[in-house]
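Me: I have a structure open and want to go through it piece by piece. Can you take a few questions?

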Amino acid sequence: MGVRAPGMRVRGNEAAREARKRRTFAIISHPDAGKTTLTEKLLLYGGAVHLAGSVKARRALRHATSDWMEMERARGISVTSSVLRFEYGGLHINLLDTPGHQDFSEDTYRTLMAADSAVMLLDNRRGIEQQTRKLFRVSHLRRIPIFTFVNKCDRLGVGPLELLDGIEADLGIRCSPVTWPVTDGSGFLGVYDRDEESLHLYEKGTDHGQTRPAEHVTALGDGRVGALLGERARAVLEEEIELLDEAGSAFDRRAFLAGELSPVFFGSALTNFGVRPFLDWFVAHAPAPGAREAGGRPVEPGSGGLSAFVFKIQANMDPRHRDRIAFLRICSGHYRAGASVRNTRTGRAFRLGPPQQFFAREREAVETAWPGDVVGVLDRGSLRIGDTITSIPDVEFAAIPSFAPEHFARVRVADPLRRKHLDRGLDHLSEEGAVQLFFSGEGGTGPGPVVGAVGLLQFDVLVQRLASEYRVEATLETLPFRDARWVSGPEAEIHRVAGGDDCALVRDRRGRRLFLFRNGWVRERTAERAKQLNFRRVQGK
Ligand code: G4P
């Protein structure tokens with residue numbers, strides 16, 4: 001590495017210092033587990049929303065940055081994500097908000113690439129659900145630490161021991177409870193903090209958790225505990241804690257940081273209970289932005305120059321200006337408008353525009369941003385998802401992976417004269433990550449472009465945006481494939497396996513082949529028959 005100018009060294013130290021003050025995370029959950037409610041309560045503790053649950057705050061959160069699209073308004077869904085910032089325990093916390101609707105989980109996958117940790121939120125009656133499982137797998141790919149918050153404990157759910165067994169068996173991660181629910185068999189009495197060895201007693205508020213409750217905290221050894229909980233609940237708690245101490249997974253920081261062990265918390269976001277012990281523990285243990293790997297060498301937050309990557313592109317966020325916003329996660333250095341940087345994919349140099357942060361529909365121009373922060377910048381079409389933006393020579397971050405879609409459709413255009421517009425629209429929208437684009441012709445799908453999505457609503461958005469932004473009336477013909485894998489191996493073998501009604505072959509924008517299967521069973525059977533082929537669910541760009 002070349003010699004740095006003295007000024008760079010000072011900035012580098014400052015960037016390292018600022019990075020240590022930041023925590024950037026996302027919440028992963030199945031719809032209805034309480035993500036909106038928990039987000040509100042976290043903001044309440046951070047002082048960002050003074051009265052959590054107020055209609056205004058709630059609506060703003062449910063539709064964070066989202067009303068930009070007619071469809072979202074009509075359906076009440078949130079497609080875009082933004083970053084919510086709050087301060088707690090002397091730290092700047094960036095909560096990367098993700099779409100509430102599971103059909104837009106591709107967006108969540110990419111957002112997870114920008115997070116340093118994740119909070120897995122579960123409903124205490126449902127445990128691990130389909131969407132949690134998928135998002136967990138994506139977080140796990142990155143080996144980021146995962147906290148677990150078991151929500152809705154104000155009402156009885158699955159027993160906590162059974163619930164933890166379920167998580168461990170389903171996800172293959174060890175669980176280490178930090179707090180533990182206390183019940184008398186008929187109702188929720190509070191949580192026991194195993195670290196502090198204290199009881200947080202649940203007092204049912206009258207304001208549905210709109211304010212921070214005065215928590216009554218007492219030591220387990222306090223002689224009054226029996227009277228406070230009732231003898232039966234006290235005995236059960238003691239027995240369970242003993243069992244956890246003897247047979248449960250002890251907290252192990254190395255395993256936690258590697259995403260192999262999850263600290264578990266119990267509480268109720270709605271009544272605002274158990275949220276504070278969680279948040280206190282979170283700020284004490286969540287990792288600050290660390291080094292990011294770029295071509296085999298780590299880029300430290302204090303590396304001296306700016307480095308960032310694009311994890312999301314959003315077009316037309318503001319109907320008054322037809323613009324595109326690229327969301328950047330800063331990995332090192334200092335983001336400053338006017339600074340000269342390079343896009344490593346194109347090799348082109350350009351000047352950074354003013355950074356913007358988003359809260360609900362409001363854009364807030366920020367002066368400066370540091371490692372761990374996420375900023376949106378106006379883009380005129382030169383940025384793509386996964387691009388590295390940097391002032392440091394020879395730094396290029398790993399690609400943001402694509403995940404095999406689960407729905408496929410062939411795109412048709414009524415007016416053949418609009419075909420060029422269709423191609424341009426599909427090109428832009430797939431670059432932006434709204435859908436994945438494939439080309440057929442090798443058998444199975446017939447001619448014409450094929451689009452793939454993780455959720456069907458992505459297709460509705462595509463058709464609507466092609467019409468409004470590219471003036472193309474497109475129709476989609478759904479293809480009967482629900483599973484896919486990228487494939488590599490001997491050419492003859494690929495062609496032997498392709499074809500038939502159950503399986504088709506397409507190419508992605510990079511020319512890589514993807515097998516489409518009618519269902520998971522067909523995929524498994526095909527893989528058994530074609531041992532020379534290599535099938536992948538995740539693909540780098
Ligand atoms: P989401 O963003 O994950 O989809 O979930 P959201 O926060 O919207 O919560 C889904 C439902 O679960 C809401 O009820 C919410 O009030 C409820 N909920 C969230 N946290 C808790 C909790 O700790 N305890 C209990 N008992 N319920 C909880 P809803 O009836 O669908 O909506 P609303 O009328 O309450 O807004």
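Me: Where is Asp 32 found?

Reply: Asp 32 is in the loop between β1 and α2 (35-45). Helices here are DSSP runs of H or I with at least four residues, strands are runs of E with at least two, and both are numbered from the N terminus.

Me: And what kind of model is this, and how are residues numbered?

Reply: This is a predicted model, in which local features need pLDDT of at least 70 and side-chain atom pairs count only at pLDDT 80 or more, while totals for chains, interfaces and linings use all residues. Residues are numbered from 1 along each chain as its sequence is written, and side-chain values use heavy atoms, with hydrogens and water left out.

Me: Back to Asp 32, then. Is Asp 32 buried or exposed?

Reply: Asp 32 is exposed, at a relative accessible area of 69%. Buried means under 20% relative accessible area, exposed means over 50%, and partly exposed is in between (1.4 Å probe, protein chains only). The phi of Asp 32 is positive, about 85 degrees, although the residue is not a glycine.

Me: What is the phi of Glu 197?

Reply: Glu 197 is not a glycine either, and its phi is positive, about 55 degrees. Glu 197 lies in the loop between β8 (188-193) and β9 (198-201). With a relative accessible area of 52%, Glu 197 is exposed.

Me: Stepping back, how many helices and strands are in the protein chain?

Reply: The protein chain has 15 helices and 31 strands. Of its 541 residues, 55% count as buried. The chain exposes about 23100 Å², and carbon and sulfur atoms supply 49% of that; these areas come from the Shrake-Rupley method with a 1.4 Å probe, and for residues only the protein chains shown count as cover.

Me: What about the nonpolar core? Which residues touch the most other members?

Reply: The largest nonpolar core has 76 residues, and Met 120, Ile 167, Leu 199, Leu 229, Leu 237, Phe 266 and Tyr 335 touch the most other members. Strand β15 (residues 324-332) gives the most to this core, with six residues. Apart from it lies another core, of 30 residues, among them Ile 27, Tyr 45, Phe 147 and Val 283. A nonpolar core is a set of buried Ala, Val, Leu, Ile, Met, Phe, Trp, Tyr and Cys residues joined through side-chain atoms within 4.5 Å.

Me: Next, Arg 23. Which residues does Arg 23 touch?

Reply: Leaving out residues up to four places away in sequence, Arg 23 touches Leu 91, His 92, Ile 93, Asn 94, Phe 282, Val 283, Ala 286, Pro 287 and Ala 288. Contact means heavy atoms within 4.5 Å. Arg 23 itself is in strand β1 (residues 22-29).

Me: How many salt bridges are in the whole structure?

Reply: A search finds 33. One of them joins the side chains of Lys 134 and Glu 406 (3.2 Å, N to O). Lys 134 is in helix α6 (residues 130-141) and Glu 406 in the loop between β22 (402-403) and β23 (407-413), so the pair ties together parts 272 residues apart in sequence. Lys 134 is buried, with a relative accessible area of 17%.

Me: Where are Glu 477 and Arg 412?

Reply: Glu 477 and Arg 412 form a salt bridge, with their closest N and O atoms 2.9 Å apart. Glu 477 is in strand β26 (residues 474-479) and Arg 412 in strand β23, 65 residues apart, and the pair links distant parts of the chain.

Me: Last one. Is Thr 526 buried or exposed?

Reply: Thr 526 counts as buried, at 2% relative accessibility. Thr 526 lies in helix α15 (residues 520-529) and touches Val 497, Phe 517 and Phe 535, not counting residues up to four places away in sequence.

Definitions and conventions. Salt bridge = Lys/Arg side-chain N within 4 Å of Asp/Glu carboxyl O.
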